[in-house]
Amino acid sequence: MPHNLIPSRQRGNAKSMRTAMTEAELKLWNSVRAHRLMDLGFRRQFPIGHYIVDFACPAHKIIVELDGAQHNDRDAQRYDFARTMFFEKSGWKVLRFANDDALNDMTGVCQHIIITTNERSIQ
């Protein structure tokens, strides 16, 4: 996605988010960066529309979101639902994992991503 299509403020927000990643985000990033996961290309803190997603695989239109405890709040769940609907209407598949999953079962998280990628390749 060309930089000129992304408002500079949003680009700046994404850049600052990349320098303040959570422990779970860092662990996932280390598993998927540089095409380490089945040669899939992932971007971190990637702007899509007026949102910034945790991780995106543009080639397969897969978004991976890591959610902390704050996402259990009712307002946060409504916000997350609205985001997911926006992405799905744009052709993206959203995968949500709890931070604990990324911290304690990275193999399971990566397997789920691979399965989803394979399913989207077949369609």
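At 9% relative accessibility, Asp80 counts as buried, where buried means under 20% relative accessible area, exposed means over 50%, and partly exposed covers what falls in between (1.4 Å probe, protein chains only). This residue belongs to a predicted model, in which local features need pLDDT of at least 70 and side-chain atom pairs count only at pLDDT 80 or more, while totals for chains, interfaces and linings use all residues. Residues are numbered from 1 along each chain as its sequence is written, and side-chain values use heavy atoms, with hydrogens and water left out.

**Overall build**

- The secondary structure comes to five helices and four strands, and these elements are DSSP runs numbered from the N terminus, with helices (H or I) of at least four residues and strands (E) of at least two.
- Read along the sequence, the elements follow the pattern α-α-β-β-β-α-β-α-α.
- Of the 123 residues in the protein, 39% are buried.
- The protein exposes about 7,400 Å², of which carbon and sulfur atoms supply 51%; accessible areas come from the Shrake-Rupley method with a 1.4 Å probe, and for residues only the protein chains shown count as cover.
- Among contacts (heavy atoms within 4.5 Å) between residues at least 6 apart in sequence, 59% join residues at least 24 apart.
- Gln111 lies in helix α5, and because its relative accessibility is 46%, Gln111 counts as partly exposed.

**Salt bridges**

- Side chains of opposite charge can pair when their charged atoms come close.
- A salt bridge is a side-chain nitrogen of Lys or Arg within 4 Å of a carboxyl oxygen of Asp or Glu, and by this rule the count comes to four salt bridges.
- Arg96 forms a salt bridge with Asp80, and here the closest N and O atoms are 3.8 Å apart; since Arg96 lies in strand β4 and Asp80 in helix α3, the pair ties together parts that are 16 residues apart in sequence.
- Arg96 is partly exposed, with a relative accessible area of 29%, whereas Asp80 is buried at 9%.
- Asp67, Asp80 and Arg96 are linked in a network of salt bridges.

**Aromatic rings**

- A pair of aromatic rings is described by the distance of the centres and the angle of the planes.
- Rings of Phe, Tyr and Trp (its six-membered ring) pair if their centres lie within 6.5 Å, and planes under 30 degrees apart count as stacked, over 60 as edge-to-face and the rest as tilted.
- The structure holds five aromatic pairs, and in one of them the rings of Tyr51 and Phe87 have centres 5.4 Å apart and planes at 65 degrees, so this pair is edge-to-face.
- The pair links distant parts of the chain, with Tyr51 in strand β2 (residues 51-57) and Phe87 in helix α3 (residues 74-89), 36 residues apart.
- Tyr51 and Phe87 are both buried, and together with Tyr79 and Phe86 they form one aromatic cluster.

**Nonpolar cores**

- A nonpolar core is a set of buried Ala, Val, Leu, Ile, Met, Phe, Trp, Tyr and Cys residues joined through side-chain atoms within 4.5 Å.
- The largest core has 20 residues, of which Leu28, Phe42, Phe55, Val64, Leu66, Phe97 and Ile113 touch the most other members.
- At least two residues of this core come from each of α2 (23-32), β2, β3 (62-67), β4 (93-98) and α5 (106-122).
- A second, separate core of nine residues includes Phe46, Ala56, Phe87 and Val94.
- Leaving aside residues up to four places away in sequence, Phe97 touches Val64, Glu65, Leu66, Asp67, Val109, His112 and Ile113.

**Cysteines**

- The structure holds zero disulfides, a disulfide being a pair of cysteine sulfur atoms within 2.5 Å.
- Cys57 counts as buried at 0% relative accessibility, and Cys110 counts as buried at 10%.
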